[in-house]
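Colleague: I am new to reading protein models, and I would like to learn with a real one. Could you show me the structure and walk me through it?

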Amino acid sequence: MIKYLANAGSIDHDSTKQRSSNAFSSIVFHERFNPLQGRVLVLNQSYEPMMVCNVQRAVILLYLGKAEVVATCDGQMIRSVNSSMPFPSIVRLARFVHRPWKKIILSRKNILRRDNYQCQYCGKRTTDLTIDHVIPKAMGGKDTWENLVTACTKCNNKKGNHNPDDIGM
């Protein structure tokens, strides 16, 4: 079992109970805050960020030899019965892990985010935005990232079922 000690110091076994309880008063294990649940940045072998994990998972990666420490928290140590190690804040994997890029799905929410919640025809920011096909479906327009934009209801009604160039938009 790995325990986290912050400046616990040494304990004199011949001292009184009062003194030994004071030595353990700096152990940081609270119900709300467990330091082993802290955040550690995990980097690929090429130093690109992979994920953020908890300290316990990072220590397991270090112990198994699957990672190495890049940066530590100053003055903090993780101690077990047989060993101690610095408290990691950034670790790097020993082997390169190839992860394919995730495709962003085409959805109303993602189009609104891409267009920064503003009409692409007049530039007005409003809450009543619609999704508009630049080339209308009736003219062969597809549901693609390049053909879909956000538009306010006034501009969308003005454009109707026409190309923007045809009506001067």
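This is a predicted model: local features need pLDDT of at least 70, side-chain atom pairs count only at pLDDT 80 or more; totals for chains, interfaces and linings use all residues.

Colleague: Where is Asn110 found?

Modeller: Asn110 belongs to helix α3, which spans residues 108-114. Leaving aside residues up to four places away in sequence, Asn110 touches Ile104, Ile105 and Trp145.

Colleague: Is Asn110 buried or exposed?

Modeller: To decide, look at the relative accessible area; under 20% means buried. Asn110 has 16%, so it counts as buried.

Colleague: Which residues of helix α2 are buried?

Modeller: In α2, residues 55-63, the buried ones are Val55, Ala58, Val59, Leu61 and Leu62. Looking down the axis of α2, you would find its buried residues within an arc of 160°, so they line one face of the helix.

Colleague: What do the buried residues of α2 pack against?

Modeller: They pack against four strands: β2 (39-43), β3 (49-54), β4 (67-79) and β5 (84-93). After α2 comes Gly65, with a positive phi near 80°.

Colleague: What should I know about nonpolar side chains in general?

Modeller: In soluble globular proteins, nonpolar side chains tend to be buried together. In this model, the largest nonpolar core has 14 residues, and those with the most contacts inside it are Val40, Val55, Ala67, Ile78 and Val91. Two or more residues come from each of β2, α2, β4 and β5. Helix α2 gives the most to this core, with 5 residues.

Colleague: Which residues does Val91 touch?

Modeller: Not counting residues up to four places away in sequence, the partners of Val91 include Val40, Leu41, Val42, Ala58, Leu62 and Ala67. Apart from this core lies another, of 6 residues, among them Leu112, Cys119, Ala151 and Cys155.

Colleague: You mentioned a positive phi in a glycine, Gly65. Which phi does Asn116 have, although it is not a glycine?

Modeller: Asn116 has a positive phi of about 60°. Asn116 sits in the loop between α3 and β6 (129-133). Tyr117 is found in the loop between α3 and β6 as well, and its phi is near 55°, a positive value in a residue other than glycine.

Colleague: Why does Asn116 count as partly exposed?

Modeller: Partly exposed lies between the two cut-offs, under 20% for buried and over 50% for exposed. Asn116 has a relative accessibility of 40%, so it counts as partly exposed. Tyr117, with a relative accessible area of 41%, is partly exposed too.

How values were computed: Residues are numbered from 1 along each chain as its sequence is written. Side-chain values use heavy atoms; hydrogens and water are left out. Buried means under 20% relative accessible area, exposed over 50%, partly exposed in between (1.4 Å probe, protein chains only). Contact means heavy atoms within 4.5 Å. The arc is that of the directions from the helix axis to the C-beta atoms. A nonpolar core is a set of buried Ala, Val, Leu, Ile, Met, Phe, Trp, Tyr and Cys residues joined through side-chain atoms within 4.5 Å.
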